[in-house]
Amino acid sequence: MTYPEMRIGIDLGGTKIEALALDRTGAELLRYRVDTPRGDYAGTIAAIAALVHRLEAETGSTGTVGAGIPGSASRRTGLIKNANSTWLNGMPLAEDLSKTLGREVRVANDANCLAVSEATDGAAAGARVVFGVILGTGCGGGVAVNAEIHAGPNGVGGEWGHNPLPWPTADECPGPLCYCGKRGCMEMWTSGTGVARDFLEVTGRAMTTRQIVAEAEAGVPEAVLTMDRFLDRLARGLANVIDILDPDVLVFGGGLSLYGRIYKDLPARLPEYVFGGEADMTLVQAKYGDSSGVRGAAWLWPAG
Ligand SMILES: [Zn+2]
């Protein structure tokens, strides 16, 4: 494979679509962001196509196109599933984008894009097996092996957010009902939404996750205890991931990844739950932060 002149990455989010052009070395050329036409599939395709055309017109070159989405394409049918941007579900997104843009467009889960971005030239560069953990509004994950996505035959490789919270206490059973139809999924506990719900249930006070984290950092006891529970649940959930995958690096993205105790306290908590009592891997914050998804989408067309 030859190096493409330009790589275009698209991050199709629930509220924004971001488009980024990288040159052949991975340096950023241009970036645009538009509102997602929520609930409008044809409008979503048109918005992505317009962004690609704009980047190409302004750079004067043609790019490969990769798109990160909050879901995955069924290998069986090519149709999107598991997208919380529900108007994408059941639609042949890659095929429609490819037709509209007149070239093959690669589509992957956004957590997988984070893992690829960080494994390519980010905080996990050079690591063989990388598990990308997204702690945002929801909680997701993705696996990169040698900087390439491991999605698996069902496209759910790394989807730890819908595994149940391990070793639940009596208080944690049966757990909140998840939108996937099951109870007690990790996403209900170790996401921004989960932290805010937990705080509300225990204290009777409604606060945003950002406020809870700020209060915890200021030492307010109720908030500190909420974040203690968050870290312990995160340790339990990731211990299951480690027991199955044993990645070299855990790289964290999403709004909650800015919480410093993840890197300071989690390494000491993981061995309590990992089989054999050792958890010698690197825990790092995503180097590219919010941009990791869109960079990883561009890297769906790898170098060499
Ligand atoms: Zn679920």
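Reader: Is Glu172 buried or exposed?
Author: Glu172 is buried, at 6% relative accessible area. Buried means under 20% relative accessible area, exposed over 50%, partly exposed in between, with a 1.4 Å probe and protein chains only.

Reader: Okay, before I go on, what kind of model is this?
Author: It's a predicted model, where local features need pLDDT of at least 70 and side-chain atom pairs count only at pLDDT 80 or more, while totals for chains, interfaces and linings use all residues. Residues are numbered from 1 along each chain as its sequence is written, and side-chain values use heavy atoms, leaving out hydrogens and water.

Reader: Where does Glu172 sit?
Author: In the loop between strand 10 (148-149) and helix 4 (192-203). Helices (H or I, at least four residues) and strands (E, at least two) are DSSP runs, numbered from the N terminus.

Reader: And which residues does Glu172 touch?
Author: Leaving aside residues up to four places away in sequence, Glu172 touches Leu165, Trp167, Trp189, Arg233 and Arg236. Contact means heavy atoms within 4.5 Å.

Reader: What lies 2.9 Å from a polar atom of the Glu172 side chain?
Author: The backbone nitrogen of Thr169.

Reader: Zooming out, how many helices and strands are in the protein chain?
Author: Eight helices and twelve strands.

Reader: How much of the chain is buried?
Author: Buried residues are 53% of the 304 in the protein chain.

Reader: And what does the C-alpha trace span?
Author: About 55 × 40 × 40 Å along the principal axes of the protein chain.

Notes:
A polar contact is a pair of N or O atoms within 3.5 Å; within protein, one must be able to donate a hydrogen and the other to accept it, and residues adjacent in sequence count only if both atoms are side-chain atoms.
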